[in-house]
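Biologist: Before we look at any numbers, could you take me through how the inside of a protein model is read, one feature at a time?

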Amino acid sequence: MRTMKKIMTAVVLLASITSLTACGGGQPSSNSGSGSSSVQVQKGDKTKIKHDDGAKTTEPKKGGGKSLIVYFSQTNTTKAVADSIEKQTKADVFRIEPAKPYTSDYNELLAVAKKEGQDNARPAISGEIKNLDDYSLIYLGTPIWWGEEPMIIRTSLDRYDLGGKTVAPFCTSGGSGCSQFRDDLVSAEPKAKVLDALHVEHSQKDQADNLTGKWLKDNKLS
Ligand SMILES: Cc1cc2nc3c(=O)[nH]c(=O)nc-3n(C[C@H](O)[C@H](O)[C@H](O)COP(=O)(O)O)c2cc1C
């Protein structure tokens with residue numbers, strides 16, 4: 001079963017690479033923000049993180065909770081979806097930036113990402129969310145790398161306790177779905193309420209507003 005899944009992932013990845021090559025501009029380029037350490041939470045207050053280890057519930061926290069979009073994006077496809085969510089919900093935004101920027105060479109990045117996955121690595125993040133307690137709803141977005149979330153997402157899940165919060169996952173890819181990412185999220189955050197994921201293929205980037213709008217409505221988030 002696991003082998004079959006790996007084969008399926010490899011097939012989708014191959015198709016994705018072919019499509020990236022075929023449509024030219026799809027080659028990952030250096031993340032516009034990845035060379036800097038300009039990670040910041042926009043708008044919200046900046047109080048210290050408190051990990052909520054006690055009295056966790058499976059229900060979202062009640063009472064005036066704010067919404068925060070947390071995402072990683074190497075080539076700005078996931079950013080386009082995050083921007084669309086921000087536009088439609090006015091949520092605050094925290095972009096996950098690697099402390100050491102990823103290579104802009106696509107083939108090198110494939111190898112780096114594969115090795116990070118094999119090593120179950122936790123690449124360091126630059127910046128931090130300083131006011132997580134203010135938020136009861138977290139939109140968590142990522143590209144799909146080798147069929148799952150990049151390890152830098154796991155660094156974030158290790159660092160932040162999302163117990164008691166509602167998490168709305170979204171992912172972008174060349175074709176692979178978000179199910180492995182969502183499963184990993186549920187495992188890492190068993191006390192969060194994890195909603196259905198939004199999947200946007202990179203070829204659908206132009207339709208981000210429509211797809212995001214429908215997903216927000218379906219999940220009663222707008
Ligand atoms: C290292 C790497 C691995 C990838 N693996 C997959 C994959 O397994 N399945 C897939 O459909 N797309 C895969 N892709 C394509 C990306 O998921 C897709 O281009 C995504 O939208 C990029 O998002 P971003 O621009 O926010 O970084 C991969 C891309 C990279 C760079």
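This is a predicted model: local features need pLDDT of at least 70, side-chain atom pairs count only at pLDDT 80 or more; totals for chains, interfaces and linings use all residues.

Biologist: Which residues of the largest nonpolar core touch the most other members?

Modeller: A nonpolar core is a set of buried Ala, Val, Leu, Ile, Met, Phe, Trp, Tyr and Cys residues joined through side-chain atoms within 4.5 Å, where buried means under 20% relative accessible area with a 1.4 Å probe, protein chains only. Here the largest such core has 28 residues, and V70, I96, L162 and F181 are the ones that touch the most other members. A second, separate core of 17 residues includes A91, L198, V200 and L216.

Biologist: How many residues of β1 are buried, and with which sense does β1 pair with β4?

Modeller: Strands are DSSP runs of E with at least two residues, helices are runs of H or I with at least four, and both are numbered from the N terminus; two strands pair if DSSP finds at least two bridges between them. Five of the seven residues of β1 are buried, so this strand is largely enclosed by the rest of the structure. β1 and β4 pair in the parallel sense over six bridges, with Y71 opposite G141 in β4. β1 also runs parallel to β2, to which five bridges join it, and there I69 stands opposite V93.

Biologist: What is the handedness of the crossover from β1 to β2?

Modeller: A crossover is right-handed if, with the strands pointing away from the viewer, the path from the first strand over the helix to the second runs clockwise. The β-α-β crossover from β1 through helix α2 (residues 77-89) to β2 is right-handed.

Biologist: Which residues line the largest cavity?

Modeller: Rolling a probe the size of a water molecule over the atoms shows where empty space is left. On a 1 Å grid over the protein atoms alone, a cavity is a set of points where a 1.4 Å probe fits but cannot get out, and lining residues have an atom within 4 Å of a point. The largest cavity is lined by V70, I129, L132, I138, L140, S156, L157, Y160 and L162.

Definitions and conventions. Residues are numbered from 1 along each chain as its sequence is written. Side-chain values use heavy atoms; hydrogens and water are left out. Buried means under 20% relative accessible area, exposed over 50%, partly exposed in between (1.4 Å probe, protein chains only). On a 1 Å grid over the protein atoms alone, a cavity is a set of points where a 1.4 Å probe fits but cannot get out, and a pocket is an open set with protein on both sides within 12 Å along at least five of seven lines; lining residues have an atom within 4 Å of a point.
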